[in-house]
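Q: I have a model open in my viewer and would enjoy a close look at how one of its chains is divided. Could you walk me through that part and then set it in its surroundings?

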Amino acid sequence: MMSEATMALEQTAKQAISPRLAKNVSRNIKERIIEFILMLAALSAVATTLSIVAILLYESLSFFKTVSLVDFFTDTQWTPLFEDAHYGILPLVSGTLTTSAVALAVAIPIGTISAIYLSEFASHKTREIVKPLLELLVGVPTIVFGYFALLFLTPILQKIFPELPGFNMLSAGIVMGIMIVPYIASLAEDAMRAVPMSMREGSYAMGATRFQTATRVVTPAAISGIVAAYILGISRAVGETMVVAVAAGQQPIVSFNPMESAATITAYIVQVALGDLPHGSIGYQSIFAAGLVLMAITLCFNILGHMIRKKYREHY
Amino acid sequence: MTSDVTQKPAQASVLKNLDAVRAMIKRHKFNDYIFSAIGLLTLMLVLLTLLILFSDLVMDGYERFNLSFLSEYPSRRAANAGLLSAWVGSALVMLVTFLVAVPMGVAAGLYLEEYAPKNWFSDLIEINVTNLAGVPSIVYGLLALGLFVYILDLGQSILTAGLTLGLLILPIVIVSTRESIRAIPIAIREAAYAVGATKWQVCYDHVIKYSYGGILTGVIIGMARALGETAPIITIGALTFIAFLPPSPVTEVAPFINFEWLSSGFTVLPIQMFNWLSRPDHAFHINAAATGALIIIVTLLMNGTAIYLRYKIRKNIKW
């Protein structure tokens with residue numbers, strides 16, 4: 001809100017500077033219009049979020065008219081496309097959690113070691129070479145990783161474990177882990193690099209070695225950022241689609257054994273989308289219910305990750 | 001130091017302790033070497049994976065590397081199948097994606113950095129952008145299926161796919177726009193205001209033009225991501241067997257362009273790869289490998305260009 005006084009002041013100021021400019025109404029109107037258009041563009045982000053939530057809720061609501069929430073969360077069978085339809089989300093959730101757990105078992109150690117090495121040990125030159133390469137790895141399309149899991153890693157794993165089925169959560173999980181290593185490594189490294197030099201110097205002055213400084217000074221100081229990197233990595237793994245759709249199988253069973261083949265939430269959505277389900281059928285609605293669960297899980301992890309990063313970041 | 005040893009016994013014991021400390025540090029330094037080796041090995045392992053991945057694709061698919069692979073339609077016989085409809089589809093979808101994401105993303109980034117008042121409103125938008133970047137891509141597919149395909153009745157068309165991928169890479173474009181705008185010193189803006197420029201003139205003639213390189217980097221990375229995205233396009237129900245091309249965007253009679261291609265059915269490279277990959281016949285896996293090699297070469301080139309560009313910009317610009 002502009003007060004009378006400022007408006008008057010603005011008026012005199014305009015006249016004082018240049019009479020031609022002050023009279024230029026179109027200039028001011030044009031500015032307003034442009035600002036409005038830019039604001040609309042920025043609001044598109046809010047609109048996208050709102051429409052995602054609205055669509056997921058809207059289609060899920062019709063799904064939950066047929067299926068009770070109790071069945072949805074307690075039934076251990078997920079067979080919406082069969083004659084004897086069961087709608088328990090647990091098998092899909094267990095598949096998602098198992099593949100994600102395998103992925104994290106791979107990504108957390110490798111990611112953490114890479115981050116510590118890059119931040120505390122590597123020379124400037126090594127870092128300059130390796131960081132862009134890691135970024136390249138982030139850019140590799142996930143379908144290519146799916147190929148890798150199905151046709152490269154699974155045959156190798158089958159030589160070690162002969163009873164491993166062609167579609168299995170182990171291979172998909174490992175490849176997914178490799179996929180999120182660069183992501184975890186670069187977030188964790190950022191957190192470590194944010195620890196001020198004086199803390200390292202203090203530690204060196206006491207006679208600590210690089211390794212001691214890295215593990216007992218830098219890592220504890222950056223722990224919130226490192227944990228946030230892990231959590232954002234989990235959210236990545238949970239939402240990952242193509243690797244599991246290609247390599248983990250389509251069978252929804254409750255199993256936490258990575259040596260088995262099982263469907264994840266994302267793989268189920270892909271499976272249904274590939275078929276030709278009529279709009280409005282229960283099968284069609286079921287992918288939105290599954291999507292809602294997926295969205296809820298990843299959103300929780302994302303918010304948690306950002307909160308930890310923001311709230312517990314130590315200010316130096 | 002050796003001359004000091006003869007002076008006092010107390011000092012001698014200190015020095016003895018010092019030696020013990022030195023020995024301890026030396027022992028601990030051994031851990032440094034071990035960890036250095038482990039760290040380097042781990043990194044090499046990760047990078048080696050990229051190399052193995054790439055060479056595996058090339059070795060599996062090399063027999064299909066020829067021009068006819070790019071000029072043939074998909075076929076029931078693996079050896080005759082080609083990528084024509086897939087790469088044309090990818091190109092057209094990317095065109096729509098570009099036209100959606102770039103103007104919107106740059107405008108949004110510009111608004112957030114230069115225009116938005118610092119209050120709950122801009123916080124809200126900012127939180128939204130951060131969250132959108134973390135939404136799994138398949139959820140964008142569900143959004144597109146519900147909103148674009150059925151409510152707006154755009155069908156399973158190139159337009160739907162382009163809009164979906166445009167929304168998907170919007171956060172990438174917004175974030176990179178904001179970062180490069182933020183790097184421009186305030187003095188540049190003040191100088192422009194001082195000679196009577198309006199806010200838009202400042203933004204258009206100076207801010208956008210100087211942050212051009214950084215924005216381009218983000219756009220290239222986003223487009224590379226869009227090229228490789230499979231899940232959202234499968235979710236909107238794109239057909240996987242397309243043996244025709246969309247109507248040409250350019251016609252021979254006036255008005256020389258048409259928009260029928262926007263509503264045409266389509267397939268894209270990663271979907272074609274997925275389709276071949278999910279067949280049991282090994283001959284099709286070879287096609288999938290060749291497609292994968294093509295996708296990975298294009299995306300690596302795009303990402304490599306973007307990373308190089310960013311490196312150049314960081315090195316060259318000194319305000």
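Into which domains is chain A divided?

A: Happy to. Keep in mind that this is a predicted model. Chain A is divided into domain 1, covering 4-66, and domain 2, covering 90-311. Taken over C-alpha atoms, the centres of domain 1 of chain A and domain 2 of chain A are separated by 39 Å. The contact involves 6 residues from domain 1 of chain A and 8 residues from domain 2 of chain A. On the side of domain 1 of chain A that touches domain 2 of chain A, you will find 2 nonpolar, 3 polar and 1 charged residues.

Now for the core. The largest nonpolar core has 181 residues. Those with the most contacts inside this core are Val144(A), Tyr147(A), Ala149(A), Val175(A), Ile184(A) and Val243(A). Helix α8 of chain A, residues 169-193, gives the most to this core, with 16 residues. As a general background, nonpolar side chains tend to be buried together in soluble globular proteins.

Chain A also has a partner to look at. In the contact between the chains, 70 residues of chain A meet 75 residues of chain B. Helix α1 of chain B, residues 9-61, gives the most to the side of chain B that touches chain A, with 20 residues. By class, that side of chain B has 47 nonpolar, 24 polar and 4 charged residues.

Chain B has 12 helices and 0 strands. Of the 319 residues of chain B, 44% count as buried. Among the contacts in chain B with a separation of 6 or more, 76% are accounted for by residues 24 or more positions apart. Chain B is divided into domain 1 (2-61) and domain 2 (65-316), and 45 Å separate the centres of these two domains of chain B, taken over C-alpha atoms. Their contact takes 5 residues from domain 1 of chain B and 7 residues from domain 2 of chain B. On the side of domain 1 of chain B that touches domain 2 of chain B, the residues divide into 3 nonpolar, 1 polar and 1 charged.

Definitions and conventions:
Residues numbered from 1 in each chain as written. Chains lettered and ligands numbered in written order. Predicted model: local features only at pLDDT ≥ 70, side-chain atom pairs only at ≥ 80, totals over all residues. Domains from an automatic or database assignment. Contact = placed C-beta atoms within 7 Å. Nonpolar A, V, L, I, M, F, W, Y, C, P; charged D, E, K, R; others polar. Helix = DSSP H or I, 4+ residues; strand = E, 2+ residues; numbered from the N terminus. Core = buried A, V, L, I, M, F, W, Y, C linked by C-beta atoms within 7 Å. Buried ≥ 20, exposed ≤ 12 C-beta atoms within 10 Å, placed from the backbone.
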